[in-house]
Amino acid sequence: MAVQDIKPTRSELIELKRKIKLSESGHKILKMKRDGLILEFFEVLEKAKSVRAELDADFNVATEKINIARAVEGIVTVRSTAFSFKDAPQLKVESKNVMGVVVPKIESSSVRKALNERGYGIIGTSSRIDEAADAYEILVEKIILAAEIETTIKKLLDEIEKTKRRVNALEFKVIPELIEARNFIILRLDEMERENTFRLKRIKS
Amino acid sequence: MAFLIRRGSKKYPYITARVRAMKSKLLPREVYPKLMNMDIPEITRLIGESEYKQDVDELAQKYSGLDLLEHALNQNLARTYRKLLRVSQDEPNYLITEYLRHWDIWNIKTILRGKNYGAPAQEILDAVVAAGQLGYRELTSIANMESIDDIKTALGNTPYYAAIANYDGGELSAIENELDKIYYSRLLASIGKSKGEKLSLKYIKTEIDLKNIKTLFRTKKAGLVKDDIFELLIPGGMELKSGDLKRMSSLPWSDFLKGLEDYSYWSEISEVVSEDMTSLMDVEALLDKYAMGYASRISHYYPLSILPIYDYMLRKNNEINNIRTIVRGKKVKLPDEIIRKHLVM
């Protein structure tokens, strides 16, 4: 707000004072929210780091198992057995609120299956196929967990960034401008009062 | 009935002589360590210039890279087995046919799985190996059928119909297990009572034992209940009779491992078995090696019997498995130690 656009009136001064008060309390609350979000972010970050490390390890295990199955049993066997897996895992996505940020909560079902529920016959297959299927089931579960945590992190980061921008805008732009405008009005009103007093004294004399 | 007529008709000298000649073309065991030290291009060149040349050339337009090599190996296996069927007569032909039904069953399973999944016919056909009685043309026509009922009708005159008669889509595991049981019961019934055949029967029974031990390991590790486990075991084994299977399927993991010590197979696997073992791959690899060694040992006892033919079929299949394991293993950079562990030499 440019100073020249301000009307130096008492009502404007009252309005500005109200705005400053509101902005200062908003600034304080947003700062608290930012700090809270950062704390929450670091907590989730720790979890994400460990899930990511586990995911990497599970991925390496699954890759090794499927590579062994492909090498020893052959791509033809792996492909044929893969036709048995018809049911895709069921995912239920809900949302939860973390300090005003809506983050996903993913629940999965029928990812891990018992050996006799996988759809392929046990007599005609081998443990190489079982272990590859096991490893991939574990991997899919971990991917779902990682997806939940990493989406939470992204959403928290976006919110932190947004809140930080708001805090900075309030702290370095909105409040200083309002204070400058308030000071200007006070100065103008004082000036006007002095002019008035001077005019009255001149009329009197 | 045809089998009764054929039984006793000993036409082994010709087929066993052919098999001996075919056996001489198999890669000697010394080649595998050399293959382990070669790069993939060197191995593929060696394979492309060997017995597999024709198959590689034929499939080169359809596949490339390691898929070409693997399909060429499978096609060669199918070609070799079909040649055995072609050059054999009467009893040997009958017994080879019964032994190779394993591949028919494999192909039927693949087609049913593919249909159930909704895979295109070509994708299903990429996963079949026409090494049994059902040829590629028959398998192609079955794979192109739209409904399960059509497939059932097409297989109506085969021994597999009994297992799939009540199938109307959905989960296949029970059907697949039933097909495997039919295979082994037919195989056991196919062998007669002469000395050579008794030994063949011993070999088949040993194969059943090994299959049952693998199934027991897998199902126990997965925590299946005893009734479910017993359902999956094949009757007619050599050492593990019906009572043993019942007892073993009801034992908890640690007692099961202890119980295995009563059987001769224990000495083969004892090194890698422990209560806290996480993978069963080593056990299976050792049992496969044992089966191979056993077939090789008994194949010399009665040279004019089905035994050398079984041994050859096993060796041929094993050669293909070994080449594939080395090449695929090298391609995905599996450690040499793991590749060696899965080679059966």
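Me: Which residues in α13(B) meet which residues in α18(B)?

Reply: First, this is a predicted model, where local features need pLDDT of at least 70, side-chain atom pairs count only at pLDDT 80 or more, and totals for chains, interfaces and linings use all residues. Residues are numbered from 1 along each chain as its sequence is written, with chains lettered from A and ligands numbered from 1 in the order in which they are written. Helices are DSSP runs (H or I, at least four residues), numbered from the N terminus, and two residues are in contact if their C-beta atoms, placed from the backbone, lie within 7 Å. Here B:L199, B:Y203, B:T206, B:E207, B:L210, B:I213, B:K214 and B:F217 of α13(B) meet B:V283, B:E284, B:L287, B:A291, B:Y294, B:A295 and B:I298 of α18(B).

Me: How do the axes of α13(B) and α18(B) cross?

Reply: Two packed helices are described by the angle between their axes and the distance between the axes. Axes are lines fitted to C-alpha atoms over the stretch in contact, and angles run from 0 to 180 degrees between N-to-C directions. These two come within 11 Å and cross at roughly 180 degrees, so α13(B) and α18(B) are roughly antiparallel (over 145 degrees).

Me: And where do α1(A) and α19(B) touch?

Reply: Their axes come within 7 Å and cross at roughly 145 degrees. A:R70, A:A71 and A:V72 of α1(A) make the contact with B:N321, B:R324, B:T325, B:R328 and B:G329 of α19(B).

Me: How many residues of the two chains are in contact?

Reply: 41 residues of chain B contact 27 residues of chain A, and α7(B) gives the most to chain B's side, with six residues.

How values were computed
Parallel < 35°, antiparallel > 145°, perpendicular 65-115°, else oblique.
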